[in-house]
Amino acid sequence: MSKTIFILNGPNLNLLGQRQPEIYGHDTLADVERNCAAVAAERGFAVRLFQSNHEGVIIDTIHQARHEACGIVINPGAFTHTSVAILDALHTFEGPVIECHISNVHKREAFRHHSYVSLRADGVLAGLGVEGYELATRRICSLCAGKG
Ligand code: DQA
């Protein structure tokens, strides 16, 4: 079984650290990758972090995960609220999926309150800042190790 966790990030998250820091903080995706890699390594797993501004690329990466990953942490960004196609792609993946949002989407505009991805996610984190990625990684390691 694969011991690799895919951490997928959607549009505008390449600008993490620069983009609306009052909402998303000052850490970058490189910081997220480093912190999640440490969490995973302690548990005998590895992470691969991806980011794309393009829906189809995210879908292709989910398909890649079918063969290369035991679990997925995904922050689909704004595609969370719009993308049936990403939901459908996640339905083709057999391992655990955790949805992670840096901000508390439920405290924000009404259009952020609905998530298509939540229909597939085994767990959802929102509003825990970038620490949410570390917690999600920790949980995915447990699920991949069969500790449900
Ligand atoms: C986000 C919340 C989304 O509503 C938004 O479009 C994002 C980031 C978050 O991490 O809080 O791009 O997913």
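Predicted model: local features only at pLDDT ≥ 70, side-chain atom pairs only at ≥ 80, totals over all residues.
Strands of a sheet pair through backbone hydrogen bonds, and the pairing may be parallel or antiparallel. In this model the pairing is parallel, and five strands make up an open sheet whose order is E2-E1-E3-E4-E5. Strand E2 (46-51) and strand E5 (123-126) are at the edges; each has a single partner strand, so one side of each has no neighbour in the sheet. From one strand to the next, the twist averages 20 degrees.

Glu99 has Val124 in E5 as its bridge partner.

**Helices on the sheet**

Two helices lie across strands of the sheet, as the table sets out.

| Helix | Residues | Lies across | Angle |
|---|---|---|---|
| H2 | 29-42 | E1 (4-9) and E2 | about 160 degrees to E2 |
| H3 | 55-68 | E1, E2 and E3 (71-75) | about 175 degrees to E1 |

**The largest pocket**

The volume of the largest pocket is about 160 Å³. Its lining consists of 16 residues, and those nearest the centre are Arg19, Tyr24, Gly77, Ala78 and Arg112. What kinds of residues make up the lining of the largest pocket? Six are nonpolar, seven are polar and three are charged.

Notes: Residues numbered from 1 in each chain as written. Heavy atoms only, no water. Pairing = 2+ DSSP bridges. Helix = DSSP H or I, 4+ residues; strand = E, 2+ residues; numbered from the N terminus. Axes fitted to C-alpha atoms, helices over the stretch in contact; angles between N-to-C directions. Contact = heavy atoms within 4.5 Å. 1 Å grid on protein atoms, 1.4 Å probe; cavity = no way out; pocket = protein on both sides within 12 Å on 5 of 7 lines; lining within 4 Å. Points joined across faces, edges and corners; volume = space filled by probe spheres on them. Nonpolar A, V, L, I, M, F, W, Y, C, P; charged D, E, K, R; others polar.
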